[in-house]
Structures are given as structure tokens and as C-alpha cells.
Amino acid sequence: MKIIKKNGFTLAELLGVIVILAAVALIAFPPIINQIKKSRGELDQALNSLILTASKQYLEEKNKSTDGTSYCIKLNVLVTNGKLVAPITDSKGNKVELSSIFYIKFPTSGTVSEVETSLHANDVGLDCEDKIYN
């Protein structure tokens, strides 16, 4: 009797490998997704901080008060004045419209509260004491 040597894998072996890979993917996938979400949040915070810094520089150059005042500043003003560089992208890689409004409210001097900031498509519902759109 002649012994025949088989080359390749049996169906059971292939299924076993697939099951093991699926188990590894199920264990590894959630932490990867959570890390991506965390990174996107940090990137959004960095973008917000960058726009805040550019806004503060612009307001300082224009001798605007930062004591308890709230401003609505269009991003195109910051780009035009060289404080930001277009295009501005968010954490998902989408371009932020330069017509977007950056809301910034400074605390009154002597208070411990932080600067309040947010980015909006328009100024509806925002309490802007000074609107800087040009």
C-alpha cells in the first residue's frame, strides 16, 4: 500500500483558525474603537484650543476687552487676519466652513471660571455682545 501525503488544510482546521481569529477580533475591536473615539475628542479639543488662541490674539490686536465680554467671531475673519490657515478640518476630516461662528465668552476678572467656547453654523441663540463678521 502506498502512503499518499496530503498538501493543504482540512475544512475543520480552516474553520478552527477562523473561529480563533474571530475571537481575537471580538476582544481587540472594542478597545480600538474606544481609542479612536478618545482621539477624536482630543482632536476636537485641540481645534477648539487653536481657534481660542487665534481669537485671543485677534482681540488683543484690536484692543477688545476680554473682561466678561462675549464675542461671535467668523472663522474667515481669523483666516483673513492670518491667525488661522484654511482649510480647517474637524476630527472626522470634514472641512469646517469659514462662515462658521466661534462663540467665546470670557469670565469677569477675579472669577475662577473658564473661558466658554463653542463652534456654530450661525449665531442663532447665541448671546453675543460683540459680533465680528468682517
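**View A. Tyr71 and Phe106 are both buried.** Here "buried" means under 20% relative accessible area, while over 50% is exposed and anything in between is partly exposed (1.4 Å probe, protein chains only). You're looking at a predicted model, where local features need pLDDT of at least 70, side-chain atom pairs count only at pLDDT 80 or more, and totals for chains, interfaces and linings use all residues. Residues are numbered from 1 along each chain as its sequence is written, and side-chain values use heavy atoms, with hydrogens and water left out. Back to the rings: the structure holds one aromatic pair. Tyr71 and Phe106 make up that pair, edge-to-face, with 6.3 Å from centre to centre and 75° between the planes. (Rings of Phe, Tyr and Trp, using its six-membered ring, pair if their centres lie within 6.5 Å; planes under 30 degrees apart are stacked, over 60 edge-to-face, and the rest tilted.) The two partners come from distant parts of the chain, 35 residues apart: Tyr71 is in strand 1, and Phe106 is in the loop between strand 4 and strand 5.

**View B. Four strands line up in an open sheet in the order 5-4-1-6, with mixed pairing.** Strand 5 (116-120) and strand 6 (130-132) are the edges, each pairing on one side only. On average, neighbouring strands in this sheet are turned by 15° against each other, ignoring direction. Strands (E, at least two residues) and helices (H or I, at least four) are DSSP runs, numbered from the N terminus, and two strands pair if DSSP finds at least two bridges between them.

**View C. Strand 1 (residues 70-74) is joined to strand 6 by three bridges, and the two run parallel.** Ile73 stands opposite Ile132 of strand 6. Five bridges tie strand 1 to strand 4, this time antiparallel, and Cys72 faces Tyr103 across that pairing. Strand 1 is largely enclosed by the rest of the structure, because four of its five residues are buried. As a rule, side chains in a regular strand alternate between the two faces of the sheet.

**View D. Cys72 and Cys128 form a disulfide, with their sulfur atoms 1.6 Å apart.** A disulfide here is a pair of cysteine sulfur atoms within 2.5 Å.

**View E. Helix 1 (residues 11-61) lies across strand 1, strand 4 (101-105), strand 5 and strand 6.** The helix runs at about 75° to strand 4. For such angles, axes are lines fitted to C-alpha atoms (for helices, over the stretch in contact), and values run from 0 to 180 degrees between N-to-C directions. Zoom in on Ser55, which lies in helix 1 and is buried at 0% relative accessible area. Leaving out residues up to four places away in sequence, Ser55 touches Ile73, Leu78, Phe102 and Ile104. Contact means heavy atoms within 4.5 Å.

**View F. Thr69 lies in the loop between helix 1 and strand 1.** With 12% relative accessibility, Thr69 counts as buried. Residues up to four places away in sequence aside, Thr69 touches Ile104, Lys105, Phe106 and Glu129.

**View G. The charged end of Lys74 sits over the ring of Tyr133, 5.3 Å from its centre.** To count, NZ of Lys or CZ of Arg must be within 6 Å of the ring centre and within 35 degrees of the ring normal.
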